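Here is a short tour of a structure, moving from a single residue out to the contact between chains. Please keep the sequence and the model side by side as you read.

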Amino acid sequence: MSDLRATHDIHTRRFSRNLGVALALTGLVAIILGLTVVKVKRGDGMERFDHVVRPSIESSGS
Amino acid sequence: MSEASINVTRDYEPTFGDYVALLKPRVMSLVVFTALVGLLVAPVSLHPVEAFAAILFIALGAGASGALNMWYDADIDAVMRRTAKRPVPSGRVEPGEALAIGVGLSGLSVVMLGLATNLVAAGLLAFTIFFYAVVYTMWLKRWTPQNIVIGGAAGAFPPMVGWAAATGSVSLEACLMFALIFMWTPPHFWALALFMKSDYDDAGVPMLTVTHGRKTTRRHILAYTVLLTPVPIWLALTSVGGPVTLVTALILNGFFLKGAYDIWHRDENMAEADDYRTERKFFRLSLYYLFLHFGALIADAILRGLA
């Protein structure tokens, strides 16, 4: 357990930047989650064609 | 991270704020405002989460094009006093980083706007980024004194994108909101160019003041202001307009025309004598002009909601 070392200077200097990136990414995740909840609750079409037969959307798509 | 890799550092560690500055937050705030108006006055309402996401990704797209602009224009930004402290010319952010952030955020914003709203809005946002970063920044800005006129289209798209995000289409009202910003841009920037004289001269950017002289610029400001006048009045008479927009348009256009006439009426000696007082006043008024017109559209939308 003697591996503990003082925080390297660069970690201190980059802390605010890393924190900013972390908050931005967390915000993006929250927005994607929020959009998903809204669209699923409203019953938006969640399926799209992806090179396989999708009988569930073929009838409405054609 | 190994000890070897963390020792490879630069003299200045960019902060998160430096990267935010790449996105031109002041321009973004105008984009957020006009896009929000376009979205709110549309006859179709979005879920608040979708509306928030739409505005955020439109703003992010605008920021991305700002980063691409800073990457490409670092050489002329370094020469101009107004822009020399930007992150790339001041050396706080590497040009490659600005390019990567610009390209990355462009893709992210367009894809996410498409997923959050619809493909028309996403397509318009992609075109806006392309127009600002490629057509304006890489092509027009250094080539023609009409750079401001045509490049102004990039700044005019946000309300149209906001409208498209809500409705999935583009209508006369959206086109008039576009036209309002498009026609407003030349007098706004040419007034700035008149009193930020040495900046554009030093950078060799072919602004009208540099290529055709200041007398011609004054004439152009008046001409474009006259052409701008009918646009907000027409907008006030459409389905998104109303009494507030009409009164605002009549009053502000009166002041704006008077300001443009005063600028046209002056010569350089008069302007230098009072340190471009009229030109500075016109520039400040132009900021209120846009803000109040779009604010009036919101006010009319609220009045319609109450009726």
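Predicted model: local features only at pLDDT ≥ 70, side-chain atom pairs only at ≥ 80, totals over all residues.

Residues are numbered from 1 along each chain as its sequence is written, chains are lettered from A and ligands numbered from 1 in the order in which they are written, and side-chain values use heavy atoms, with hydrogens and water left out.

B:Ser286 counts as buried because its relative accessibility is 0%; buried means under 20% relative accessible area, exposed over 50%, and partly exposed in between, with a 1.4 Å probe and protein chains only. Apart from neighbours within four places in sequence, B:Ser286 is in contact (heavy atoms within 4.5 Å) with B:Trp184, B:His188 and B:Phe256.

B:Phe256 is also one of the buried residues of H14(B), among them B:Leu252 and B:Ile263. Helix H14 covers residues 243-265 of chain B, and its 23 residues reach 33 Å from first C-alpha to last, close to the 33 Å expected at 1.5 Å a residue (1.5 Å times one less than the number of residues). Its buried residues pack against H9 (172-195), H12 (214-228), H13 (230-236) and H16 of chain B.

Two residues in the loop between H15 (268-273) and H16 of chain B deserve a look: B:Asp275 and B:Tyr276. Most residues other than glycine have a negative phi, but the table shows positive values for both.

| Residue | Phi | Relative accessibility |
|---|---|---|
| B:Asp275 | about 55 degrees | 48%, partly exposed |
| B:Tyr276 | near 55 degrees | 6%, buried |

Now for the partner chain. The contact takes 22 residues from chain B and 18 residues from chain A. About 1,600 Å² is buried between them, 67% of it from carbon and sulfur atoms; this is the accessible area (1.4 Å probe) that the two parts lose on being put together, summed over both. How many salt bridges are there between chain B and chain A? The count is four, a salt bridge being a side-chain nitrogen of Lys or Arg within 4 Å of a carboxyl oxygen of Asp or Glu. One of them joins B:Glu13 to A:Arg14, with the closest N and O atoms 3.1 Å apart.

Terms used. Helix = DSSP H or I, 4+ residues; strand = E, 2+ residues; numbered from the N terminus.
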